Amino acid sequence: MNEKRPGAESWEKLFRETLGKSLRVPFKGTLKVDSQVLELFDHSNRCFFLADYSSLRMLFVSPNIINVLGYTPEEFDFRKLFGIIHPDDSKAVFEISKMVLNRELNYISGGSNRHIALYMAYRAAKSNGKYTRISLTISRHTDPAGGIYDMAEIRDISHVHCGTMVSFALLGGKPLKELPQDSRKGLLISRREQEIIYYISQGFTSRKIA
């Protein structure tokens with residue numbers, strides 16, 4: 001397997017060539033984030049952003065991101081999100097995202113708008129250059145006024161002593177075997193490929209996985 005660590009360009013290409021060319025409807029509505037939402041999700045060790053992953057467009061970044069990671073809402077775009085992943089975690093996070101996108105594309109091709117949520121924990125760089133462990137929870141939402149957007153909650157979980165391994169879980173929806181098949185070739189992830197992604201997330205080298 002290629003040991004090259006994916007950069008921001010690789011991430012952008014991944015989303016543009018999958019969600020960007022899929023049947024997923026880009027978000028065209030108007031979002032209004034009121035004080036009650038900020039009170040619930042934007043305090044202490046957590047913040048959130050609303051975005052359209054199919055067009056790589058940030059729709060809203062909550063103010064508390066400056067206290068969680070040190071970045072201002074204005075500078076926190078997708079390139080920043082992809083660029084702050086720890087170099088030793090980037091490959092695992094990238095491969096996990098590819099697997100989840102495969103499932104997302106299967107949902108879209110089947111005409112489903114079921115709510116699914118992705119949870120990932122990995123190390124990310126703060127604005128001061130130091131790394132902290134964060135959890136990123138992404139959930140998909142359908143807006144009745146136009147299109148699909150995603151809500152992502154970021155938490156600093158450095159106080160939780162759980163090591164440095166990348167961990168993830170995909171919650172909601174159907175088991176993979178029940179998903180509708182996409183007619184395009186090359187989208188399905190085999191059992192062995194899923195196994196390899198798991199081992200990558202546990203920090204195994206290519207030689208050890210083989």
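## Burial and overall make-up

A residue is called buried when its relative accessible area is under 20%, exposed when over 50%, and partly exposed in between (1.4 Å probe, protein chains only). By that criterion, 45% of the 210 residues in the chain are buried. This is a predicted model, in which local features need pLDDT of at least 70 and side-chain atom pairs count only at pLDDT 80 or more, while totals for chains, interfaces and linings use all residues. Residues are numbered from 1 along each chain as its sequence is written, and side-chain values use heavy atoms, with hydrogens and water left out.

The chain holds seven helices and six strands, taken as DSSP runs numbered from the N terminus (helices: H or I, at least four residues; strands: E, at least two). Their order from the N terminus is α-α-β-β-α-α-α-β-β-β-β-α-α.

## The sheet

The six strands make an open antiparallel sheet in the order β2-β1-β5-β4-β3-β6, where pairing requires at least two DSSP bridges between two strands. β2 (57-61) and β6 (167-171) are the edge strands; each has a single partner, so one side of each lacks a neighbour in the sheet. On average, neighbouring strands are turned by 25° against each other, direction ignored, with axes fitted as lines to C-alpha atoms (for helices over the stretch in contact) and angles running from 0 to 180 degrees between N-to-C directions.

Strands β3 (residues 117-125) and β4 (residues 131-142) are joined in the antiparallel sense by nine bridges, and Leu118 stands opposite Ile138 in β4. β4 also pairs with β5 over nine antiparallel bridges; here His141 has Tyr149 as its bridge partner in β5. The β4-β5 hairpin has five residues between its strands, and Gly146 in the turn has a positive phi of about 155°.

β5 is joined to β1 by six bridges, again antiparallel, with Ala51 opposite Asp150 in β5. Eight of the nine residues of β5 are buried, so this strand is largely enclosed by the rest of the structure.

## Nonpolar core

A nonpolar core is a set of buried Ala, Val, Leu, Ile, Met, Phe, Trp, Tyr and Cys residues joined through side-chain atoms within 4.5 Å. The largest one has 41 residues, and Phe49, Phe76, Tyr122 and Ile154 have the most contacts inside it. At least two residues each come from α1, β1 (46-52), α3 (65-68), α4, α5, β3, β4 and β5 (148-156). α5 provides the largest share, eight residues.

## Cavity

The structure has one cavity of 30 Å³ or more. A cavity is a set of points on a 1 Å grid over the protein atoms alone where a 1.4 Å probe fits but cannot get out, and lining residues have an atom within 4 Å of a point. The largest cavity has a volume of about 320 Å³, the volume being the space filled by probe spheres set on the points, which are joined across faces, edges and corners.

Of its 24 lining residues, Phe15, Tyr53, Val100, Leu118 and Ile138 are the closest to the centre. Leu118 and Ile138 are also the residues that stand opposite each other in the β3-β4 pairing. α1 (8-17), α4 (78-83), α5 (87-109), β3 and β4 each supply at least two residues of the lining, and α5 gives the most, with five. The lining comprises 18 nonpolar, two polar and four charged residues; Ala, Val, Leu, Ile, Met, Phe, Trp, Tyr, Cys and Pro count as nonpolar, Asp, Glu, Lys and Arg as charged, and the others, Gly among them, as polar.

Ser158 is in the loop between β5 and β6 and is partly exposed, with a relative accessible area of 44%. Its C-alpha atom is separated by 9.4 Å from that of Tyr131, 27 residues apart along the chain.

How values were computed. 1 Å grid on protein atoms, 1.4 Å probe; cavity = no way out; pocket = protein on both sides within 12 Å on 5 of 7 lines; lining within 4 Å.
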